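The following note is meant for a colleague who is opening this entry for the first time. Please keep the sequence and the model in view while reading the numbered points.

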Amino acid sequence: MSSFAPHFTAGAIVGAVGAGVSLGMVNDSNALTVSLPLICGVMGALTPDMDIKSKSSMIMYLIFLSISCYFFFTERVDLAFLTLVYSILPQFFGHRGFIHSFVFGVISAIGLYFALTVLLNVIALPAMIASITYFVGFLSHKALDV
Ligand SMILES: [Zn+2]
């Protein structure tokens with residue numbers, strides 16, 4: 001069982017690598033294409049522990065609440081609602097159950113790619129890099145939990 005700091009550190013390292021990959025692969029890199037993998041790496045590493053009351057879950061809820069408020073105040077109420085529903089989902093599962101599973105990691109990475117490209121109009125390549133970075137961050141959580 002690992003605590004917050006190792007999960008956060010692993011996610012930040014994965015995110016930094018993803019940001020580097022994005023810098024190298026994306027033409028016309030900008031702050032979004034570089035910061036997105038960094039944030040997604042950390043989110044992937046912290047998401048599994050949203051199924052318990054922890055420092056990781058508090059940070060993730062603050063991130064999701066911030067995203068939801070952003071959507072609400074930019075008149076995307078549908079996305080604000082979707083973000084809140086997604087953030088509540090882990091509370092319906094036991095610790096280290098479905099939310100810690102490989103299947104959930106794949107589903108949430110695909111959902112992230114869909115949200116970035118279809119709902120937020122992010123270009124496909126940076127969205128793909130961010131989604132893969134999220135998934136690798138998620139796997140780092142599973143590796144540290146062993
Ligand atoms: Zn965990």
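1. A residue is called buried here if 20 or more other C-beta atoms lie within 10 Å of its own, and exposed if 12 or fewer do. Asn121 has 8 C-beta neighbours inside 10 Å, so Asn121 counts as exposed. Please also bear in mind that this is a predicted model.

2. Overall make-up. The protein has 6 helices and 0 strands, and from the N terminus on its elements run α-α-α-α-α-α. Its radius of gyration is 15 Å, close to the 15 Å that the globule rule gives for 146 residues, so the protein is as compact as a globular protein of that length. Taken along the principal axes, the C-alpha atoms fill a box of roughly 40 × 35 × 25 Å. Buried residues account for 36% of the 146 residues, and among contacts between residues at least 6 apart in sequence, 66% join residues at least 24 apart.

3. The core. Which residues touch the most other members of the largest nonpolar core? This core has 23 residues, and those in question are Cys40, Ala45, Leu112, Ala130, Tyr134 and Phe135. At least two residues of the core are supplied by each of α1 (4-25), α2 (31-46), α5 (102-119) and α6 (124-145), while the largest share, 8 residues, comes from α6. When residues up to four places away in sequence are not counted, Tyr134 touches Cys40, Gly41, Met43, Gly44, Ala109 and Leu112.

4. The pair α1 and α2. These two helices pack at an angle of about 155°, with their axes 7 Å apart, and that angle makes α1 roughly antiparallel to α2. The crossing in which α1 passes α2 is right-handed. On the α1 side the contact is made by residues including His7, Phe8, Val14, Ser22 and Leu23, and on the α2 side by residues including Thr33, Pro37, Ile39, Cys40, Ala45 and Leu46. Cys40 and Ala45 have been met already, among the core residues that touch the most other members.

5. The pair α5 and α6. Here the helices pack at an angle of about 155° with their axes 9 Å apart, and α5 and α6 are therefore roughly antiparallel to each other. The crossing of α5 past α6 is right-handed. The contact is made by Gly105, Ala109, Leu112, Tyr113, Leu116 and Thr117 of α5, and by residues of α6 that include Ala124, Ala130, Tyr134, Phe135 and Leu139.

6. Most residues other than glycine have a negative phi. Glu75, in the loop between α3 (55-73) and α4 (77-88), has a positive phi of about 60° although it is not a glycine. Asn121, in the loop between α5 and α6, likewise has a positive phi of about 60° without being a glycine. Is Glu75 buried or exposed? Glu75 is exposed, with 9 other C-beta atoms within 10 Å, and Asn121, as set out in the opening point, also counts as exposed.

7. Thr83 in helix α4. Thr83 belongs to helix α4 and is buried, with 22 other C-beta atoms within 10 Å. Leaving aside neighbours within four places in sequence, Thr83 is in contact with Phe64, Ile67, Ser68 and Phe71. Val103, which is 20 residues away from Thr83 in sequence, is 20 Å away in space, C-alpha to C-alpha.

8. Asp49, by contrast, lies in the loop between α2 and α3. How many C-beta neighbours does Asp49 have inside 10 Å? Asp49 has 26 of them and so counts as buried. Residues up to four places away aside, Asp49 touches Ser54, Ser56 and Ser57, and the C-alpha atoms of Asp49 and Met60, 11 residues apart in sequence, are 9.1 Å apart.

Note on methods
Residues are numbered from 1 along each chain as its sequence is written. This is a predicted model: local features need pLDDT of at least 70, side-chain atom pairs count only at pLDDT 80 or more; totals for chains, interfaces and linings use all residues. A nonpolar core is a set of buried Ala, Val, Leu, Ile, Met, Phe, Trp, Tyr and Cys residues joined through C-beta atoms within 7 Å. Helices (H or I, at least four residues) and strands (E, at least two) are DSSP runs, numbered from the N terminus. Two residues are in contact if their C-beta atoms, placed from the backbone, lie within 7 Å. The radius of gyration is taken over C-alpha atoms; the globule rule is 2.2 Å times the number of residues to the power 0.38. Axes are lines fitted to C-alpha atoms, for helices over the stretch in contact, and angles run from 0 to 180 degrees between N-to-C directions. Angles under 35 degrees count as roughly parallel, over 145 as roughly antiparallel, 65 to 115 as roughly perpendicular and the rest as oblique. A crossing is left-handed if the near helix is turned anticlockwise from the far one by less than a right angle, and right-handed if clockwise.
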